Structures are given as structure tokens and as C-alpha cells.
Amino acid sequence: MMSTEFARSDQLSAGLVEGLPNICGWEDELEQISGEALSEQASFEPGTTCSDRFENVSGGFAIALHMHQPAIPAGKTGELINNLQYMFEHPYEGDNYNAGHFAYCYSRIGDFIPELVSQGCDPRVMLDYTGTLLWGLQQMGRTDILDKLKRITCDRAYYQHVEWLGTFWGHGIADNIPLPDIKHHIQAWRHHFADIFGTEALGNVRGFSPPKMKLPSHPDVLYHLIHSLKTCGYRWMLVEEETVETITGDAIISPQHPYQLVAQNSMGGEINIPVIIHSQESESSSVARMRPYQEAQALAPIVLNGRTVPPMITRIADGENEGVMMNEFPSAFKRAWHTISNSQQSNQPAGITAFNGTEYLNALAMKGIQSSDLPKCQIKRPVTQVGLSSGHSHENAAEAHPRDVLALIDDLSSRFHAVTARVSATSTLSRREHRYRNALLHNLLLQTSCFRSWGEGDWTEYAQEIHRRGCAILEHDF
């Protein structure tokens, strides 16, 4: 059971701990919840995860919505605020006039799901919200958005319809996260999610969505990632088709069914985790116009480990970016579920249906297909193997990220781990202390992908300022 302090976090000011998100301090308690969750099936309503959900189904589809906004040192007095708040406060810069539309996109799924269910539909959606966005909504006092998300997350009536995916708290790219911080990101998101939505909801988070669908390039880092995920209770991961290949080095030709991702480290260890593959068409318009539903209509049942099952097309897209997602998604999303509902009510001999990731894997298991029965895959090997440097594997030069930001990331991470280890060795250092949480926060924030992918200038300067503040905290507070 969670400690009383954690369990009553919703009574704290804005759900924060001394102004900071609750991202550490209850690691043992959360791992206990993870272990309990792994020993059970997902808490869907009776019947929805049974193999009979595969009956009279020729194909299926799954969609996931990724939501993210970074935290930046750009408040009125230089304080850390969310980029969404900055957009509201500076409406005449760039496309900041869209701030209201972005905010609506973060909440609207909380309207759509109850509406569709009340109309007799059976919708499915997976949600991937970064920790920095959730923190920003708390900072802004947007309880209207959080309450709608809580309803579809915590009300058992919607368990079968909505599945949350875990992610790295600060939206860092796997290859740019120093090795010791990978588990910190995973644990921080789980802390923060449990603090907002409760530990029962956390027990239902079984899938993991790596930011930008990027897997680590180095086998040792991938091994560490999978080990950390499994330790934290994750059962499967969402991966991009382009990042994996068969064990023989061939391209994946059947991305419509799960695989077992195998990682081998340099010490000869081997670990694996089931993966659901996000097919290559990744632009927002695919999900916005519900093309996975349309494409699933051309699918036919496949034989997997001697069992006949419906294949599944899976897609993830930013849930708020681009006009097509802002404007076309609501009508397309609702229309798809009404069409499916009408088809099922007419008792047509075969059709399509939607699944969430854990639900699909559970249905396979009840058909007798366990994770060990899935075809194996591995990360696609780069032409030149990326080496580990200072416990850290940088991605190849495929993306032109400012190198100085990567150096800042390495420097702050090294300082963080060296200082906290030194203090722990000479005195008692609790991860529930404000100074530890504050230092960890800055360390994880600096690894946010936006500081490297949104161009130099302001974004590089934001990274430099977060690095400076992180170093100052470690120097003066420890």
C-alpha cells in the first residue's frame, strides 16, 4: 500500500509537493504495485479481454494519442513554466494564438469517450501524456482538463475504453538519456501519474511508449531499458516499424501482429519484451482521419502459432499538432465508432473492431499465444555501431541536434549522480527531500528533446539556463 502522504496528495496545493511534481521517493511502494499488476490480467470489465472478442473479426486497429509540452525557464520572473502557459501569455508570437486549441485537444478525449459510450458505442484509445505536460496543467490550475482525464481514467466504466501508456517523464530520446537516468525517467512518470490519477489507475498501465518511437541504438542500452521497464511493471512496448528487424536481419513484413523484442548485452545477458509495432505511416493525418480503421477493412485473419487471430494495424500520432488533428479528428473519431457499432448490431458475418494494446495481448494469451510464442525481432543495427561514452549513447547524426546541449546533459547528469552518491555515503539522503526532488527535476528536464530538436537560439538558451540552475542546486543545497 502507498504511504498516507502519497495517497492524500490530491489534498496538497494544486497536487504538487512544495511546488514541484511528485516524481520520486516512493520507489519501493510503486515496485510493489508493479509486481501485483504483473501477476494479474488488466482490470478490464468482465468479458472484454476474453478470446471471444476475436470472434467474427477479420481485422482490428489501435490508435494512440501522444501529448507533450516542455517546461521552460520563461515565466514572468524566470520561473519554470510550461510552454503552453507561455503560449497563452504571449499570443502574438508565432502560432501561439493556437494555445486555446492545444488546451482543448488535451481535454477533449475526456468528453468524447463518455459521449460515445452513452450512445452505445465501444471506443478504444491509448493515451501518452508526458510528465512535463501533466506538471504544466497542474501549474496552470487547469483542473478542468485534469478532471476530464481523471474521469475516463479512474471511473471503472471506462477501463476497457481507455489505456494509458507510460513514457519517459521528461520526453527525452532514449539515445540522448544518460544510462543511469533511464530508470529515473520511467519511475518519475509513474510517481507523477499515480499522484494525479491514483495507484489503482497506475496498476492498469502496462504498455510503454518511448518518445518519438526511438529505441536505443546500443544493445547494452536497450537491454537496460527493457530490464528497467520490466522491473517497473511494464508488459509490452510500442515500437516503430523502422527501428526493428527480424533476428535474421530482414525487414519486418508483417507489422500487424506483436513480436518479442530480444536484446543481448555485451556480457552475454539476454532479455525480451513483447512489442506492438506502429506501422510506418506516421503523419498526423493518418490518425486524424482514422485511416487505421479504414485500412483494417482490408485485413483478413492470420495464423499465429497455429491459432487463427485477427491482425491489428497500430498507429500513434501527436494528439494536438497540425490543423488536421485539431479540426478533423473529432468528427472522424466519432464517425468511426458509430459505423463500427452499427455494423456489429446488424450481425454481419465478419468485420473489424478496435483494441487497446494490453487488451489485444490478453486476448492472444487466452487463445493460447503467450509472449514466448511470438516471432522474435531485434533493434535494427546501424551501419556503424554507436559506442557508449560516459555511460551514455548518443544517437547517430541522423538528427542535427546542437552538440553543446548534449554536453550539458552529460555534465549535469554526472554531477547529479556524483553529488547524491557522495551525500548518501556520508549522511542520510531521502528521495522525498525537496533538494533531491528539485535536483532530479532539473536533471530530467534538461533531457527534454525540444531543447535539441526545436532549433538553436531560445531553446538552446533554455537548456543552458536549466543546466546552470541544476548545477547551482547541487552546489548549494547538498
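Helices here are DSSP runs of H or I with at least four residues, strands are runs of E with at least two, and both are numbered from the N terminus. The model is predicted, so local features need pLDDT of at least 70 and side-chain atom pairs count only at pLDDT 80 or more, while totals for chains, interfaces and linings use all residues. Residues are numbered from 1 along each chain as its sequence is written, and side-chain values use heavy atoms, with hydrogens and water left out.

Salt bridges, then. The term means a side-chain nitrogen of Lys or Arg within 4 Å of a carboxyl oxygen of Asp or Glu. Searching the whole structure gives 16 of them.

One is local: Asp-411 and Arg-415 sit 4 residues apart in helix 15, about one turn of the helix, and their side chains pair at 2.8 Å, N to O. For accessibility, buried is under 20% relative accessible area, exposed is over 50%, and partly exposed is in between, with a 1.4 Å probe and protein chains only. Asp-411 is partly exposed at 27%, and Arg-415 is partly exposed at 41%.

Another joins Arg-432 to Glu-29 at 3.1 Å, N to O. Arg-432 is in the loop between helix 15 (403-426) and helix 16, and Glu-29 is in helix 2 (residues 27-38), so this pair ties together parts 403 residues apart in sequence. Arg-432 is partly exposed at 32%, whereas Glu-29 is buried at 18%.

Asp-122, Arg-124 and Glu-359 form a salt-bridge network.

Next, His-442, in helix 16 (residues 434-446). Is His-442 buried or exposed? Its relative accessible area is 5%, so His-442 is buried. The His-442 side chain comes to 2.9 Å from the backbone oxygen of Asn-438. Taking contact as heavy atoms within 4.5 Å, and setting aside neighbours within four places in sequence, His-442 touches residues including Leu-80, Leu-412, Ile-466 and Ile-473.

Last, the cores. A nonpolar core is a set of buried Ala, Val, Leu, Ile, Met, Phe, Trp, Tyr and Cys residues joined through side-chain atoms within 4.5 Å. The largest has 124 residues, and those with the most contacts inside it include Ile-109, Trp-164 and Phe-333. Helix 13 (residues 323-345) supplies the largest share of this core, 9 residues. A second, separate core has 20 residues, among them Trp-236 and Tyr-360.

Beyond four places in sequence, Phe-333 has contacts that include Ile-109, Arg-124 and Met-290. Arg-124 also belongs to the salt-bridge network with Asp-122 and Glu-359.

Methods
A polar contact is a pair of N or O atoms within 3.5 Å; within protein, one must be able to donate a hydrogen and the other to accept it, and residues adjacent in sequence count only if both atoms are side-chain atoms.
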